[in-house]
Amino acid sequence: MNKTLEKVFNKQNKGSKYPQPYFITRFGIAFIDLLIVAAITLGMQLLFKNTIFDVFDYSTKVEELREIAKNSGLYVISGTSYVEVDKAYTEAKDRLKEYDPRITYFYTHNDRAIKENKIEEFNNAKIVTNFFDIDSDGNLTPKENIDDSYFIQFYEKQYGLALEYLMADSTYIIDASDTFLIFVLFLLLSISIANIISYLVVPLLSKKKQTLAQMLFKVMVVDYKKDLAMTNKQVVIRFFSIWLFEYIIPVLVFTRIQMLSLLPLLITIASTGFTKKNLAPHEFITGTMSVSYREGVPILEGKPEIDIPDLPPQE
């Protein structure tokens with residue numbers, strides 16, 4: 001046997017006679033597969049946005065939201081985007097110039113705000129702070145001896161209240177909830193399709209049951225008890241195991257205890273890096289493991305391409 005194969009098979013036996021890829025290699029494979037999934041997801045989402053979204057009046061609802069934001073005067077228009085004042089201006093003095101006229105415009109031009117006399121509520125809030133002088137006509141002007149930081153705190157709070165009032169508008173609530181629901185549902189559909197393509201369809205069509213990244217790194221998944229390539233059944237079970245452990249469980253955990261939503265991922269990393277056979281949870285379930293054939297040990301559909309006799313024990 002040549003020295004390359006001898007080097008390969010003298011590695012620690014962890015359930016298969018074929019060498020396992022390094023942890024960094026597996027991380028690289030997972031990362032590239034994730035990028036592929038992200039690219040497919042983006043493509044599907046763009047396709048849906050330009051086709052199916054309009055069936056649900058998505059564009060119309062988005063335009064209504066943009067019109068509400070524009071007419072409120074609370075947002076800074078930047079190209080095609082509507083940006084909040086505190087995000088549009090980094091300098092405190094610039095924000096200070098913007099807050100009062102925008103809040104005043106909103107409360108004096110919005111029909112609901114006019115009916116509820118929100119401008120008077122805003123002015124009363126100014127008077128209570130004692131940061132403003134009142135002239136004979138009832139106009140309020142900032143006192144010169146008050147530090148700007150106090151005005152910033154006051155206006156940031158009032159600006160936030162104005163945004164909350166705007167978003168409490170019934171049309172805004174309906175359109176915002178509808179567009180969010182449409183976007184999220186089709187995003188989940190896009191993610192599902194991308195995962196099915198990357199982790200199920202491609203491996204089922206592949207001769208060695210590999211993902212695209214595994215092909216690149218010359219890594220494949222085998223039944224570690226038989227040292228044979230995965231069966232189609234194992235590919236399917238493996239896919240749903242990954243879907244359950246890496247997607248469904250984290251989402252369910254996130255809805256209950258957000259801080260623990262990364263726990264399944266941490267368990268996967270720990271089991272892959274530190275267990276005896278370096279197996280991820282979905283590999284325990286399917287009885288499979290990742291092996292490398294970069295060093296001349298390819299495995300083809302159900303049987304090794306070459307039969308290598310067991311090495312005699314070293315003296």
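Tutor: Gladly! Let's start with helix H7, residues 118-129: its 12 residues reach 17 Å from the first C-alpha to the last, close to the expected 16 Å. The expected span is 1.5 Å times one less than the number of residues. Helices (H or I, at least four residues) and strands (E, at least two) are DSSP runs, numbered from the N terminus. This is a predicted model, where local features need pLDDT of at least 70, side-chain atom pairs count only at pLDDT 80 or more, and totals for chains, interfaces and linings use all residues. Residues are numbered from 1 along each chain as its sequence is written, and side-chain values use heavy atoms, leaving out hydrogens and water.

Student: Which residues of H7 are buried?

Tutor: Buried means under 20% relative accessible area, exposed over 50%, and partly exposed in between (1.4 Å probe, protein chains only). In H7, Lys118, Ile119, Phe122 and Lys126 are buried. Seen down the axis of H7, they fall within an arc of 110 degrees (taken from the directions from the helix axis to the C-beta atoms), so they line one face of the helix.

Student: Why can residues three or four places apart point the same way?

Tutor: An α-helix has 3.6 residues a turn, so such residues point the same way.

Student: What do the buried residues of H7 pack against?

Tutor: Their partners, in contact (heavy atoms within 4.5 Å), include helix H5 (92-109) and helix H8 (148-167). Among the buried residues of H5 itself are Leu96, Tyr99 and Phe106.

Student: What follows H7?

Tutor: Asparagine 130, with a positive phi near 65 degrees.
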